[in-house]
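Keep the sequence and the 3D view side by side.

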Amino acid sequence: MEETIVHAIQDDYPDEFAWCYGCGRLNEHGHHFRTGWQGDKTVTVYTPRPEHTAIPGFVYGGLIASLIDCHGTGSAALALHRKNGHEPGSGEAPPRFVTASLHVDFLKPTPHGVPLVAVGTVTEIHPKKWQVDTEVFANGELCARGQVIAVVMPKTFVRP
C-alpha cells in the first residue's frame with residue numbers, strides 16, 4: 001500500500017523548525033517523514049532503508065518509535081492548523097509541537113522492504129496539549145501502535 005502525501009504539514013514548517021532527524025525536510029541525513037490528512041485520520045507512509053534492519057528481514061524498533069513520534073507531533077500540528085482555519089499549503093505557518101510523552105507497543109515483528117503506514121487519530125485534550133493514537137501497518141497488518149502526547153511549542157522559543 002504505497003500512498004503519496006501530496007502536501008504534508010512538514011512542508012510548511014518554517015526553516016528554523018525543519019531540522020528534526022525524523023521529519024525535518026532540511027536534515028539531509030534524516031528520514032523526512034511526511035504527514036497529511038486522509039479523511040479525518042492522519043497518515044505517514046515511509047519505506048525503511050537497508051540500515052533500518054534489526055535482524056535480516058525485519059525493521060529496527062527504534063525506527064518505528066521515531067515514526068510514531070514524528071507522526072504524532074505532525075498530526076497534532078495538522079489538527080490545530082485545521083482548527084485555526086488552515087490546511088497544509090494555505091500559506092500560513094502551522095503550529096509546531098514537541099513530544100511530552102511517547103508510548104510504543106510492538107505487536108509483531110515488522111517486515112522490512114515494504115512501506116510502513118502510520119495512521120493517526122487526534123484528540124485535543126487541552127488547547128496546548130493533544131493526544132495522537134497511531135497504528136503502524138506493514139502489508140496491511142498491524143505491527144505496532146503508540147501514543148504521543150504533544151504540546152504546542154511556545155512562539156517565543158529561541159534556539160540556544
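A salt bridge is a side-chain nitrogen of Lys or Arg within 4 Å of a carboxyl oxygen of Asp or Glu. Side chains of opposite charge can pair when their charged atoms come close. The model here is predicted. A search of the whole structure finds seven salt bridges. Three of them are described below, one at a time.

Start with D15. D15 pairs with R25, and their closest N and O atoms are 2.6 Å apart. The two residues are ten positions apart, and both lie in the segment before strand 1. How accessible are the partners? D15 has a relative accessible area of 46%, so it is partly exposed. R25 is at 32% and therefore also counts as partly exposed.

With 47% relative accessibility, E16 counts as partly exposed. Now look across to Q147. Q147 is 131 residues from E16 along the chain, and 26 Å separates their C-alpha atoms.

Move on to R49. R49 forms a salt bridge with E51, with 2.8 Å between the closest N and O atoms. Is each partner buried or exposed, or in between? R49 is partly exposed, at 26%. E51 reaches 53%, and exposed means over 50%, so E51 counts as exposed.

Finish with E87. E87 bridges to R82, and the closest N and O atoms are 2.6 Å apart. E87 is partly exposed, at 33% relative accessibility. R82 is partly exposed as well, with a relative accessible area of 36%.

Definitions and conventions:
Residues numbered from 1 in each chain as written. Predicted model: local features only at pLDDT ≥ 70, side-chain atom pairs only at ≥ 80, totals over all residues. Heavy atoms only, no water. Buried < 20%, exposed > 50% of the residue type's maximum accessible area, 1.4 Å probe, protein only. Helix = DSSP H or I, 4+ residues; strand = E, 2+ residues; numbered from the N terminus.
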